[in-house]
Amino acid sequence: MPRPTRSFSRRVLLSQLAVIVVTLALVTGVFAWMGGSSVTEVTETKALATARTLAIDPEVRKGSTEASEQPAGQADDAITSPLLKITDDLRDSSGIVFAVITDDRGIRLTHPDRDNIGKRVSTSPDEALAGRESVTHERGTLGETVRAKVPIYSTADDTTVVGEVSVGIHASVLDADLRREFLVLGSVAVLALAIGVIASLALGRRLRRETLGVGPEELAEMARDQGAVLRGLDDGVLAFSSDGVPTLSNSTAEQLLGIAHVEAGTDADRDSDAPSRAEVPEVIRRMMVEAPDHGALRRRVNVGDRILLATAVRVSRDGVSVGGVVTLRDETQVLTMARQLESVTSMARALRTQRHEFANRLHTVLGLVDTGATDEARTYLATILRTGPITTPVEGIEVITDPYLRALLEAKGTTAAEVGVSLAVTPDSLVLGRVNEPEDVTLILGNLIDNAVRAVVTTASGSGAESAEEAEAVDRAAEMFGRVEVTLLGSGPELHAVVTDTGGGVDDADAESIFDEGTSSAEGLDPDHGHGIGLALCRRTARRHCGRVWLLAGHDPELGGAGFAMHLPDVLSDDTNDELHTDDEER
């Protein structure tokens, strides 16, 4: 997927700057308009207040009344001089541009320029002479000003207008006030922009650090890919944060761990939900803590009746740890099939050995017949019929008639004899029915026999590090140095079995822990090379048939060593009568 032309943090920065600039422009515009209006209003208020103050002055009212009674433009100095002194003092003290007093005809009685005294004002006095106050922005003889015009009432009564007062303030003063206002507002806007830029840069760095440089498009794509991958995986997936908190799981992991799903309709996508810390087994959370920074940590763990292969891997990006992932694979069926295949392979190897021996005996009979030694051939065949056509290394196996059990015992007896261990069926064994679950029966019984043989070999060799194959090289031809006994009893559909050995035995305190995954009945064997899972598989397979496998308490008084018992309720079928009927027909 091509990366965007700009990084996510840069796009966030530009977007924030655009928002800040637009916002500041709007705010500055509004405040500029409000500030300008405020300054203008203050200036107009000042002009109006000054004009009002001047209009109610007794000297002003007296002078305007006397001037209005004389012919137009004929006011003498006795009238104008006091008024000029008042306006000049006011102009000097208040900073106004002018203060003009007129009579009721609009003739100036005062003016900063004395040549304009006695002349009509340059702007219309009609509003003031009509008794109304006004504030305007006009250009006159003294330039553009803010002007306030207020009527002057006669000294005789308060209703007769005898003149006006016009007070002006230069527009340049207003402009200067506006410039100061805008300068302050602009400084604040620039400062706010600078703060916004700094905050945006800091936020951009924070986003880049938190998202590891991944943009929103990539995050969306990753989320879509993640959902598709999690739903498509046959393996369970658990994701953890860098603090070891579960953050993600798919439905396969929930099924393997026995985590209940959220009811349909309450969650659109359960694959994106994270189980709680309490729902994840402690052994898996501990694996995430113990996982190396580089490489993977693999362990087989028991969860309920399942044996799971858990692989913990730490995940980092750009040198920053972002947590880890644990994948879960259900190995129960694979391990079961492997054990069953091992039993079948052992039986096939035993059958090949027996076939070879059977062929040798047939060749002997054929040779006797060819040479005419028919009496010797007859005697040889009679001996075979009495003892069986094939020599078996399993003592007492003649009491076992089921083909599956017999084949398994002969196969295990052959392999046991190769390493110097004798396998025997006890005389009190009796199984009348036929095995109808051969895969599971041979898996459990074969594993118990293998463990017993391995325990005997380990004890006899004096080294827990040797396997059965290594012990074979120690003394293949030597006299048997160990013994394993098997007792088989059938009761209707139920099959009972006891396997005892002359090995080192198992402490009663380990009666339950020995069935945990990773525990080997042969001390010193490496659980990573296939040992330490057989007994866990046996117990799980037995439970599937509502049966059980357990360690017998104490030691056998004759053999010593350890003893394991098996009980499977529904694995035998009662077809003894059918077998006898078939034998009669054959005879």
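Two strands count as paired here if DSSP finds at least two bridges between them. In this predicted model, six strands form an open sheet in the order β10-β11-β13-β14-β16-β15, and their pairing is mixed. The edges of the sheet are taken by β10 and β15, each of which has a single partner strand, so one side of each is left without a neighbour in the sheet. Strands of a sheet pair through backbone hydrogen bonds, either parallel or antiparallel. The antiparallel sense applies to strand β14 and strand β16, which pair over six bridges, and the bridge partner of L495 in β16 is L568.

Two helices can be described against this sheet. Helix α12 lies across β11, β13, β14, β15 and β16, whereas helix α14 packs on the sheet by touching β15 and β16. The table gives their residue ranges and directions.

| Helix | Residues | Strands touched or crossed | Angle |
|---|---|---|---|
| α14 | residues 534-544 | β15, β16 | about 140 degrees with β15 |

A further helix, α10, covers residues 374-387 and includes A377. With a relative accessible area of 5%, A377 is buried, because buried means a value under 20%. Leaving aside residues up to four places away in sequence, A377 touches L368 and V369. The C-alpha atom of A377 is also separated by 5.6 Å from that of V365, a residue twelve places apart from A377 along the chain.

Technical notes. Residues numbered from 1 in each chain as written. Predicted model: local features only at pLDDT ≥ 70, side-chain atom pairs only at ≥ 80, totals over all residues. Heavy atoms only, no water. Helix = DSSP H or I, 4+ residues; strand = E, 2+ residues; numbered from the N terminus. Buried < 20%, exposed > 50% of the residue type's maximum accessible area, 1.4 Å probe, protein only. Contact = heavy atoms within 4.5 Å. Axes fitted to C-alpha atoms, helices over the stretch in contact; angles between N-to-C directions.
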